[in-house]
Amino acid sequence: SHAKEILHCLKEKYFKELQNLEVDGQKVEMPQSLSWYPEELAWHTNLSRKILRKSPQLERFHQFLVSETECGNISRQEAVSMIPPLLLNVDPHHKILDMCAAPGSKTAQLIEMLHADMNVPFPKGFVIANDVDNKRCYLLVHQAKRLNSPCIMVVNHDASSIPNLQIDVDGRKEVLFYDRILCDVPCSGDGTMRKNIDVWKKWTTQNSLQLHGLQLRIATRGVEQLAEGGRMVYSTCSLNPIENEAVIASLLEKSQGALELADVSSELPGLKRMPGITKWKVMLKDGQWFEEWKDVPSNRQTQIRPTMFPVKDEEKLKAMNLERCLRILPHHQNTGGFFVAVLIKKSPMPWNKRQPKVHQKLPQRTGDTEVTTADSGNGSECIPEEPTLAVNEESKKMQELQNSDTEQSKKEGVCGPPPSKKMKLFGFKEDPFVFLPEDDPLFLPIQKFYALDPSFPKMNLLTRTQEGKKRQLYMVSKELRNVLLNNSEKMKVINTGIKVWSRNSDGEQFGCAFRLAQEGIYTLYPFIHARIINVCIEDVKILLTQENPFLSKFSSETQKKVKDMAMGSIVLKYDPDPEKPDDLQCPIVLCGWQGKTSLRAFVPKNERLHYLRMMGVEVFKAKRKEEESESKTEEEVQQSLAQTEEGMDMEDKEHNLVTKMEAEIGEEPSHSPVESTAMEVENKIEDLDQSSKNTNSHVSQESKDTDTSNVKD
């Protein structure tokens, strides 16, 4: 519903402002919707980044784009990159693996598809987003965090040997097979030559020859983990057949009929595409061409492999239906070049078919690859362990597994980082994921204060600290909890969960030490039965434009509701009135704080601007006003504090202090949300002090996902 409102706002306001506009003597081209993207949810603009940033006439439009991108309401992405997630045909119950996910634009699309129905706080499906590069994983976290989903987990593995995960099904351990897999492999990138100048300087035929093997290994690992009947999309931003059709043909050949290429010619109508090719030659760096493997001299057989050549057998070739692949050429619809193939798995891979007698009592885990006890009758698959694993190493691993410590931590719901020492040599050490025990005294006051529904899944609450005070509570879906608890030793999890509660320094005196966090409010709201105030659109405008408005400024209905309510964290809910079509037509849920004499919203700045835009409030002016109000004298701030007499108000001064501090150290204060409490500000400063001692602080801070990330941004 929010997307529809943004679309309405774009068409009715921003695009109209661009009509007949001239920049540097040139008429601005109107943005066009991509005809093949469903429901007009993707638009294309020819405005260059330079023009967008520099032109005063486009400042409002630019500010809109930046602000809404920060909130996660729009994403800027190459048009052809949007195709693979669309062809996956995701439903909210699908278990999805994104094998090479960074920087995360496609992952964001997948998360959107999971949450197609906003009324379902926890879809049954989830996305596991993986990337081999530890630093790029944090980029992925940043992208995914904007969408506030409890159903995403970011992991750090080599996609070609990503471990088999296990899940608990009715007390039985089973291998996790994915319904959908996105396999957007590393490639030479020659399809991006229109925008990527480097490609012209660095392109050589060698690039593809070097990448082919890796691409084939990743795709093979993907289909091994795909459930029967599942769909895998293989894509590259290259047009070289060595990276495309050669990989698909080789995969189809060794699958012996277990895989087939799906015919997607009727999907995405309006998208201009070319069929996959069936004939190609292989070229060396020095310009030598080869038509088949037998022509390759023995001294070149390490560079050129047999899988790079087209299939010679005409019948086999015809059965592969390589023409079902999609080739998107840059000049057809003003995009980058792209290749996509959609594979469907009909039966287990031939090398995974085992006789039932083999699975008597095999260990549950051996190193990074695992052996699973599965019944071949039910279509489960078994991935054999790496042959290189020495026997004594294997027994060591088994002893490690039976180690009572690991069992104990499992019982306590602790999903720590993997115990293997080599993990600490590269990348950053992550805090553990600790699920709240069922009898945790922390939860009772929260449950009572917010009158949480008995159906609230408290087992899915987790923190990132094993000792000391728990400052933030995060939430994951039931299915991700299952994955986390059963795979903590073999999986390097970078981030998961959505923040739902934050410890508040002044909260305990009001009956609950934890206040609601805006990020998780849409997930939590269906379970909350107390402390909800329904507000009208005028009240929402006051809450979002004024920092700490007095109760007297609100409508009489709101004042009445607040009167009988104790101080503390509250939910502010706006429901659209269908009889007033000019008003905002999507529901809004905000976190707030009720003081003795005032009511305020705890909403990050960009999100405030988003809601105000949707309500037609001119935020451009609002921004100017905000800057003026920030330059109030110290005396005025002191007076307003004296008037309200609220402990809560102290945080404002602290907030300004942090904003000033950020400005002094050259950070951008605009990202700092208006929702930090005094306690959190102290924590931020403490955390920053600690982090300066840690050489890897810049990334580990972000990964911790405490409120420090706001300061860091």
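Let's start in a loop: Asn 148 sits between α6 (134–145) and β7 (152–155). The structure you are looking at is a predicted model, and the protein has 713 residues, of which 54% count as buried. Its secondary structure comes to 25 helices and 28 strands.

**Backbone details in loops**

- Asn 148 has a positive phi, near 50°, although the residue is not a glycine.
- Is Asn 148 buried, partly exposed or exposed? Its relative accessibility is 27%, so Asn 148 counts as partly exposed.
- Asn 321 is another non-glycine residue with a positive phi, in this case near 55°. You will find Asn 321 in the loop that runs between α10 (314–320) and β16 (326–328).
- The peptide bond between Ala 102 and Pro 103 is cis, with omega at about 5°. Pro 103 belongs to the loop between β5 (95–98) and α5 (105–114).

**Nonpolar cores**

- As background, nonpolar side chains in soluble globular proteins tend to be buried together.
- The largest nonpolar core here has 102 residues, and the members that touch the most others are Trp 36, Ile 128 and Ile 248.
- Both domain 1 (2–71) and domain 2 (79–100 + 159–350) contribute at least three residues each to this core.
- A separate core holds 44 residues, including Tyr 14, Leu 18, Phe 554 and Cys 586.
- Which residues does Ile 248 contact, once its neighbours within four places in sequence are left aside? The partners are Tyr 234, Leu 261, Leu 322, Cys 325, Phe 339, Ala 341 and Leu 343.

**A helix pair: α1 and α19**

- Two packed helices are described by the angle between their axes and the distance between those axes.
- For helix α1 (residues 2–18) and helix α19 (residues 605–614), the axes come within 10 Å and cross at roughly 65°.
- Angles of 65 to 115 degrees count as roughly perpendicular, so α1 is roughly perpendicular to α19.
- The crossing of α1 and α19 is left-handed.
- On the α1 side, the contact is made by His 2, Glu 5, Ile 6, Cys 9 and Tyr 14. On the α19 side, His 610, Tyr 611, Arg 613 and Met 614 take part.

**Contacts along the chain**

- Taking contacts in the protein between residues at least 6 apart in sequence, 73% join residues at least 24 apart.

Key: Residues are numbered from 1 along each chain as its sequence is written. This is a predicted model: local features need pLDDT of at least 70, side-chain atom pairs count only at pLDDT 80 or more; totals for chains, interfaces and linings use all residues. Side-chain values use heavy atoms; hydrogens and water are left out. Helices (H or I, at least four residues) and strands (E, at least two) are DSSP runs, numbered from the N terminus. Buried means under 20% relative accessible area, exposed over 50%, partly exposed in between (1.4 Å probe, protein chains only). A nonpolar core is a set of buried Ala, Val, Leu, Ile, Met, Phe, Trp, Tyr and Cys residues joined through side-chain atoms within 4.5 Å. Domain bounds come from an automatic or database domain assignment. Contact means heavy atoms within 4.5 Å. Axes are lines fitted to C-alpha atoms, for helices over the stretch in contact, and angles run from 0 to 180 degrees between N-to-C directions. Angles under 35 degrees count as roughly parallel, over 145 as roughly antiparallel, 65 to 115 as roughly perpendicular and the rest as oblique. A crossing is left-handed if the near helix is turned anticlockwise from the far one by less than a right angle, and right-handed if clockwise.
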